[in-house]
Amino acid sequence: MTGLIEVGAALAPLVIVAVLLVGLLWPAARAMPVAWLVAAIVGFVIWDMPFEWIVAASVRGGMAAIEILWIVFGALVLLYTLMRSGAVDRINDGFASISEDRRVQVVLLAFFLATFIEGVAGFGTPAAVVAPLLLALGFPALAAVVAALVGHAVATVFGAVGTPVIVGFEAPLGSVEDVIATGGMSVGEFAASAGGWAALFNGILGVLMPMFAVGMVVYFFGDTEKRSLAPLWDVAPLCLFAGVAFAVPYWASAWFIGPELPSLIGAMVGGAIVVVALRAGYFEPDATWEFPPQDEWPDHWVGTIEPGSDETDTATADTQSMSLLRAWSPYLILVVLLIGTRVIEPAADFLQGEVAELFGTTVQTNLVFLEWNSIFGTEISGAIDWAYVPGTWLIISALIAIPLFGMRTDEVVGAWREAGSKIVSPLVALVFVIAMVEIMLETDAHFEDGAAAGVPDGSMIVVLADATAAVIGPAYPMFAPAVGALGAFIAGSITVSNITFSAFQFEVAQSLGLPTQLMLGAQSIGAAIGNVIAIHNVIAALATVGLVGKTGRIVRLNLIPVAYYLFVGGLLTTIAAYVVFPTVF
């Protein structure tokens with residue numbers, strides 16, 4: 001068996017995903033089961049992987065998917081609870097009332113509100129929520145989608161309360177736990193530390209993202225006779241100030257608290273700072289910039305929903321009577337709960353089932369929902385946690401919001417029903433994609449003393465990593481972000497991209513002697529920006545503004561910030577890996 005055949009076999013599941021999702025435009029719920037089946041066949045035929053090991057790896061993947069979906073469900077329940085109560089509309093009104101300048105509205109809504117919603121919900125929610133809000137303010141439908149997609153990119157690194165790191169890094173890196181342990185860390189600690197580097201890289205890159213969001217709007221949706229970036233320079237100081245105001249607390253919370261809160265804290269703290277500065281008269285442009293008259297707009301700018309209409313309103317309450325503090329309060333409660341359960345050590349130990357000192361008493365709990373050791377007699381084990389993961393605290397925050405807003409039973413039932421309906425499609429896709437990756441990680445685990453004769457040495461992921469290291473060599477850091485972007489573009493999710501490629505990035509780094517944490521940070525660079533061109537994210541956002549069929553146009557426009565992010569991100573990774581932080585584990 002030649003090396004080329006080994007690499008081709010290991011690559012087959014990923015090629016199937018690309019062909020079905022991108023080439024044939026299959027939905028992920030159809031494509032991922034096929035990719036899982038291909039991985040299982042390759043593992044069975046090429047790696048002699050026993051049937052019970054294939055099933056065990058798949059079961060562990062399903063258990064990891066359930067844990068992710070608990071987080072997603074909690075995030076959506078909280079978001080839809082606030083939408084039904086009118087709190088989201090009140091938050092939007094609070095931002096929109098600060099300035100009538102469309103450029104300022106892009107910074108406040110497409111950047112700060114979208115990054116905030118990414119931090120609490122993720123999974124394509126920000127663009128689907130913010131785009132119709134911008135449309136209701138009078139934005140062209142196409143401009144609303146572009147601004148919302150570009151604006152929230154930097155926050156996708158941590159997605160819904162840290163899911164891309166908590167699960168996206170930890171789940172696949174379980175296969176290299178022994179290697180990570182040599183650096184004195186657990187897999188969870190390693191993932192959190194890698195998340196800190198991800199925040200550093202993306203924080204630096206993200207400083208310019210408000211500028212890109214505004215620039216895209218004024219250049220492509222400004223003067224219909226002559227395109228120009230001139231209106232951008234009037235608000236460039238505001239854009240840079242907003243980028244820094246977001247990036248500093250974003251990085252600090254990732255580095256000192258953990259991966260659950262960077263997007264939330266960055267958006268809330270940065271947004272508050274910018275709002276205070278604007279209300280004090282700083283950074284407000286001298287002249288108000290507006291779109292051309294609506295009768296001059298090209299047909300492809302608008303869809304079936306009239307700009308400036310209230311067709312997208314979801315609230316049933318009188319939002320004007322609600323104070324901004326009250327509207328924000330469930331999320332403030334969530335931040336307090338998450339910080340308390342992460343920073344207060346006895347609480348964190350108690351919820352994770354470790355020995356904890358509570359009120360002078362030593363306590364140990366077992367709060368795991370389901371734990372399965374030696375699945376089907378193999379060495380593969382899995383568990384479903386519920387108490388420590390953010391999903392539980394999101395649900396608690398949503399329950400607190402019910403009496404806080406005086407919600408009716410039908411509003412609460414509607415919010416929970418809508419949240420439940422939204423996770424049906426991700427359920428199938430996540431179960432099978434994680435199961436596929438688990439098979440690719442465990443293809444050689446059944447060999448006790450090394451691979452048998454004629455069988456590839458190393459798992460499918462290791463074979464791919466070794467081949468990549470051999471072909472690209474020391475230049476790999478420049479290309480590492482592109483791997484993450486490819487995964488997000490194909491799968492439409494930074495979490496899925498991380499699950500698919502984190503172990504690959506780790507193994508390539510090991511092969512080349514590069515800092516592994518930095519390579520995972522680079523993975524997040526590409527996966528974050530890949531979301532702005534992910535096909536199903538674009539389609540979902542377009543649907544909310546009544547603009548179906550413009551997917552290709554959005555993807556082409558958004559390749560501009562993608563090119564910036566990947567090129568500069570590659571340079572940052574290369575400099576960090578070889579010059580600034582070469583000794584990082």
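User: Hi! Where does Glu52 lie?
Analyst: Hello! In this predicted model, Glu52 lies in helix α3, which covers residues 51-85.

User: How many residues apart along the chain are Glu52 and Phe376, then?
Analyst: They are 324 residues apart along the chain, yet their C-alpha atoms are separated by 6.3 Å.

User: Nice. Where is Phe376 found?
Analyst: Phe376 is found in the loop between strands β3 (368-372) and β4 (382-385). Phe376 is partly exposed, with a relative accessible area of 45%.

User: What about the phi of Phe376, positive or negative?
Analyst: The phi of Phe376 is positive, about 50 degrees, although this residue is not a glycine. As background, most residues other than glycine have a negative phi.

User: Which other non-glycine residue has a positive phi?
Analyst: Phe283 is one of them, with a phi near 70 degrees. Phe283 sits in the loop between α15 (262-279) and α16 (324-343). With 30% relative accessibility, Phe283 is partly exposed.

User: Switching topic: how many helices and strands does the protein have?
Analyst: There are 26 helices and four strands. The radius of gyration is 23 Å, close to the 25 Å that the globule rule gives for 585 residues, so the protein is as compact as a globular protein of that length.

User: What box do the C-alpha atoms fill?
Analyst: Along the principal axes, the box is roughly 75 × 60 × 45 Å.

User: And how much of the protein is buried?
Analyst: Of the 585 residues, 59% count as buried. The accessible surface comes to about 21,900 Å², and carbon and sulfur atoms account for 64% of that surface.

User: What share of the contacts links residues 24 or more positions apart?
Analyst: Among contacts with a separation of 6 or more, that share is 79%.

User: Let's look at a helix. What should α14 span, and how far apart are its ends?
Analyst: Helix α14 (residues 236-256) has 21 residues, so at 1.5 Å a residue it should span 30 Å. The end C-alpha atoms of α14 are 30 Å apart, which agrees.

User: Which residues in α14 are buried?
Analyst: Among them are Ala236, Leu238, Cys239, Phe246, Pro249 and Tyr250. The buried residues of α14 pack against α5, α11 (187-206), α12 (209-220), α13 (230-234) and α15.

User: What follows α14?
Analyst: Gly258 follows α14, and the phi of Gly258 is positive, near 145 degrees.

User: You mentioned α5. At what angle do α4 and α5 pack?
Analyst: Helix α4 (residues 87-96) and helix α5 (residues 102-120) pack at about 145 degrees, with their axes 9 Å apart. On the α4 side, the contact is made by Ile91, Asn92, Phe95 and Ala96, and on the α5 side by Gln105, Leu108, Leu109 and Leu113. By class, this contact has six nonpolar, two polar and no charged residues.

User: Last one: is Ser459 buried or exposed?
Analyst: Ser459 is buried, because its relative accessible area is 4%. Ser459 is found in the loop between α20 (424-442) and α21 (460-472). Not counting residues up to four places away in sequence, Ser459 touches Trp47, Met440, Leu441, Thr443 and Asp444.

Definitions and conventions. Residues are numbered from 1 along each chain as its sequence is written. This is a predicted model: local features need pLDDT of at least 70, side-chain atom pairs count only at pLDDT 80 or more; totals for chains, interfaces and linings use all residues. Side-chain values use heavy atoms; hydrogens and water are left out. Axes are lines fitted to C-alpha atoms, for helices over the stretch in contact, and angles run from 0 to 180 degrees between N-to-C directions. Helices (H or I, at least four residues) and strands (E, at least two) are DSSP runs, numbered from the N terminus. Contact means heavy atoms within 4.5 Å. Ala, Val, Leu, Ile, Met, Phe, Trp, Tyr, Cys and Pro count as nonpolar, Asp, Glu, Lys and Arg as charged, and the others, Gly among them, as polar. Buried means under 20% relative accessible area, exposed over 50%, partly exposed in between (1.4 Å probe, protein chains only). The radius of gyration is taken over C-alpha atoms; the globule rule is 2.2 Å times the number of residues to the power 0.38. Accessible areas come from the Shrake-Rupley method with a 1.4 Å probe; for residues, only the protein chains shown count as cover. The expected span of a helix is 1.5 Å times one less than its number of residues.
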